[in-house]
Amino acid sequence: MTSHLQLTLLRHGRSRADDENVHEGRYDSPLIGAGRAQAHKLAAYWQANPPQFEAAVCSSLSRAHETAQIVCGPLGLTPRVSDLWREWDNGPLAGMKHEEAEQRYPVPAFRHDLFPFTADGGESQAQIRARALTALHELWAMPLSNILIVSHGGFLNSVLRELVGSNHAWFEFGDTGFSRLRLSRESHTVRVLSVNEQPHIAH
């Protein structure tokens with residue numbers, strides 16, 4: 001077992017839901033052309049600047065799975081698909097227009113961590129946190145030191161919150177933006193090396 005574990009947490013490219021004005025979550029919205037182009041640019045960047053990934057894991061939702069295939073192919077990696085890395089289960093909000101959601105499911109003034117995402121279902125924050133920890137446990141058990149994960153902005157935030165011990169922080173993840181962390185296997189230290197890197201996209 002290595003003395004550390006480096007994780008690169010990558011959000012998928014732009015998806016169709018971004019142009020449909022709908023809630024995404026478990027809505028299986030595919031990449032659009034712009035999202036595929038973003039992923040190909042990142043693949044080219046990593047070809048020129050090898051990240052030395054030893055393995056890759058991705059969400060089973062198509063927008064993350066396709067992003068993973070695009071970036072991993074040139075690196076000679078086959079991403080392992082895992083339901084654990086899917087976006088938050090937002091119940092009936094998935095695929096719903098934002099305006100309709102505001103009327104049917106207004107955000108309550110208070111929502112306990114054990115309450116479901118909406119009155120009609122979805123994951124509670126406690127369930128999301130438990131899933132994030134389970135996903136991290138699986139990575140930790142791998143005898144590797146450098147792993148790429150391709151997932152979703154909400155769930156990657158849940159993972160980062162667990163790692164840094166903050167329930168209220170929000171970490172930016174743009175299209176194909178990635179964050180890098182180094183976890184010590186010999187202490188509780190987590191080094192946040194970067195947040196929302198997008199070196200392949202001109203700003």
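**The sheet and what surrounds it**

Mentor: Let us begin with the open sheet, which is formed by six strands in the order S3-S2-S4-S1-S5-S6, with mixed pairing. Please keep in mind throughout that this is a predicted model.

Trainee: Okay, and which strands stand at the edges of the sheet?

Mentor: Those are strand S3 (80-82) and strand S6 (190-197), and each has a single partner strand, so one side of each is left without a neighbour in the sheet.

Trainee: By how much are neighbouring strands turned against each other?

Mentor: On average the angle between neighbouring strands of this sheet is 20°, with direction ignored.

Trainee: How many bridges join S2 to S3?

Mentor: Three bridges join strand S2, residues 55-59, to S3, and these two strands run parallel. If you want to find one of the pairs on screen, look for Cys58, whose bridge partner in S3 is Val81.

Trainee: And what does H6 touch when it packs on the sheet?

Mentor: Helix H6 touches strand S1 (4-11), strand S4 (146-151), S5 and S6, and the direction of H6 makes about 155° with that of S1.

Trainee: Stepping back, how many helices and strands does the protein chain have?

Mentor: The protein chain has six helices and six strands, and along the sequence they follow the pattern β-α-α-β-α-β-α-α-β-α-β-β.

Trainee: What is the radius of gyration of the protein chain, and what would a compact globule have?

Mentor: The protein chain has a radius of gyration of 17 Å, which agrees with the value near 17 Å that a compact globule with 203 residues would have. Buried residues make up 48% of those 203 residues, and among the contacts with a separation of 6 or more, 70% are between residues 24 or more positions apart.

Trainee: Changing topic, where does UniProt place the feature "binding site"?

Mentor: The UniProt record, an unreviewed entry, places that feature at Arg63, a residue that lies in helix H3, residues 62-72.

Trainee: Is Arg63 buried or exposed?

Mentor: Arg63 has a relative accessible area of 1%, and because buried means under 20%, Arg63 counts as buried. Leaving out residues up to four places away in sequence, Arg63 touches several others, including Glu24, Tyr27, Asp28, Glu87 and His152. His12 is also one of the residues touched, and the side chains of Arg63 and His12 make a polar contact at 3.3 Å.

Trainee: What about Ser179, where does that one lie?

Mentor: Ser179 lies in strand S5 and is buried, with a relative accessible area of 1%. A polar atom of the Ser179 side chain lies 3.2 Å from the backbone nitrogen of Asn196. Apart from neighbours within four places in sequence, the contacts of Ser179 include Leu7, Thr8, Leu9 and Phe173.

Trainee: One last thing: what is phi of Asn21?

Mentor: Phi of Asn21 is near 60°, a positive value in a residue other than glycine. Thr176 also has a positive phi, near 50°, and Thr176 is not glycine either.

Trainee: Where are Asn21 and Thr176 found?

Mentor: Asn21 lies in the loop between helix H1 (17-20) and helix H2 (33-48), while Thr176 is in the loop between helix H6 (153-164) and strand S5 (178-184). Asn21 counts as partly exposed at 34% relative accessibility, whereas Thr176, at 0%, counts as buried.

Terms used. Residues are numbered from 1 along each chain as its sequence is written. This is a predicted model: local features need pLDDT of at least 70, side-chain atom pairs count only at pLDDT 80 or more; totals for chains, interfaces and linings use all residues. Side-chain values use heavy atoms; hydrogens and water are left out. Helices (H or I, at least four residues) and strands (E, at least two) are DSSP runs, numbered from the N terminus. Buried means under 20% relative accessible area, exposed over 50%, partly exposed in between (1.4 Å probe, protein chains only). Two strands pair if DSSP finds at least two bridges between them. Axes are lines fitted to C-alpha atoms, for helices over the stretch in contact, and angles run from 0 to 180 degrees between N-to-C directions. Contact means heavy atoms within 4.5 Å. UniProt positions are given in the numbering used here, feature names are shortened, and annotations may be inferred rather than shown by experiment. A polar contact is a pair of N or O atoms within 3.5 Å; within protein, one must be able to donate a hydrogen and the other to accept it, and residues adjacent in sequence count only if both atoms are side-chain atoms. The radius of gyration is taken over C-alpha atoms; the globule rule is 2.2 Å times the number of residues to the power 0.38.
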